Amino acid sequence: MERLYIFKSGRLKRKENTLIFEYLEDEVVKKKFLPVENISEIYLFGEIDLNTKVLNFLSQKGIVVHYFNYYGFYSGSVLPRKKNVSGYLVVNQAKHYLDPDRRLALAASFVDGAAFHIARNLRKRDIKPDYVEELSKTIYEQKNIPSLMNVEGKIREFYYSKFSEILQDEFFKLKKREKRPPTNAINALISYGNSLMYSAVLSEIYKTQLDPTISYLHEPSTSRFSLSLDIAEIFKPLIIDPVIFSLVNKRILSKNDFDKDLNYAYLSETGRKKFVKAFNDKLNSTVKHRKLKRNVSYRYLIRLECYKLIKHLIGDEFYKPLKAWW
């Protein structure tokens, strides 16, 4: 199954069992017929008009829709009604959240997985990860979520301070990590990549029986799928950051791929397309899985992480976060 990315503004329409995207190009209305049977997710980056007829059709086909704002950052998702549901699992998810010890154990695991991949990134670029590894030893010693997040924050602060050594372009130097809004090009790349990662994780959660609103490291709240944030912590340094390093150091992205009228703090449409292509290529790339004894994609590794979490929640197998062995 493929992911469809739409950057142009236009209209999504349904005609019988076909999805049609209409858009204006050179003052001419053009139509693109979309093969919905091969699509699992749609990412909308342009200003797209669609109606309930289209949404009902996409829901029937089990297609998840992620939409992003004018600047390319994640705004929300439309999830079809889940067919793969389990009240038993949801009850156990809630029990693990309500039990402080069980919640903390899971939250620490997500931070542990993230810290491992952060240290791995530094080591691969000849930067000593000693500070990260020392802090990592204290992760499972924390007594509550705030203190755990404080450790996680220190790890990331140190990590981001090394981006200037990793990135070989003065334009992309990172002085300080700023999210809302990003104030320069590298902050824009990190925020944009994290938005893509969050939505990709949500799509994989949707394919399982997990409830995406019950989380452990991040506090559950209204209007967000916080379990996606939890699991994405493991995969951001494994997937997003290497994509950023590659795009910058191979000169695939440059100053020209950012909007100069917005202080270069936002990717242009051309820049977003380049990032999405690299992100998609990374998700589709494969590694030999040690237990399954076959090649699996990075995207499927996210699904496997969901399955591991399910086994933990129902008491079958203790959860251990993914730690790249390749």
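**Exercise 1.** Determine which residues Arg 103 is in contact with, leaving aside its neighbours within four places in sequence.

*Solution.* Step 1: contact means heavy atoms within 4.5 Å. Step 2: under this criterion, the partners of Arg 103 are His 96, Tyr 97, Ile 145, Tyr 216, Leu 217, His 218 and Glu 219. Step 3: the side chains of Arg 103 and Glu 219 are also joined by a polar contact of 3.0 Å. A polar contact is a pair of N or O atoms within 3.5 Å; within protein, one must be able to donate a hydrogen and the other to accept it, and residues adjacent in sequence count only if both atoms are side-chain atoms.

The model is predicted: local features need pLDDT of at least 70 and side-chain atom pairs pLDDT 80 or more, whereas totals for chains, interfaces and linings use all residues. Residues are numbered from 1 along each chain as its sequence is written, and side-chain values use heavy atoms, without hydrogens and water.

**Exercise 2.** State whether Arg 103 is buried or exposed.

*Solution.* Step 1: buried means under 20% relative accessible area, exposed over 50%, and partly exposed in between (1.4 Å probe, protein chains only). Step 2: Arg 103 has a relative accessible area of 10% and is therefore buried. Step 3: in the protein chain, buried residues make up 52% of the 326 residues.

**Exercise 3.** Identify the helix in which Arg 103 is found.

*Solution.* Step 1: helices (H or I, at least four residues) and strands (E, at least two) are DSSP runs, numbered from the N terminus. Step 2: the protein chain has 10 helices and 10 strands. Step 3: Arg 103 belongs to helix H3, residues 100-124.
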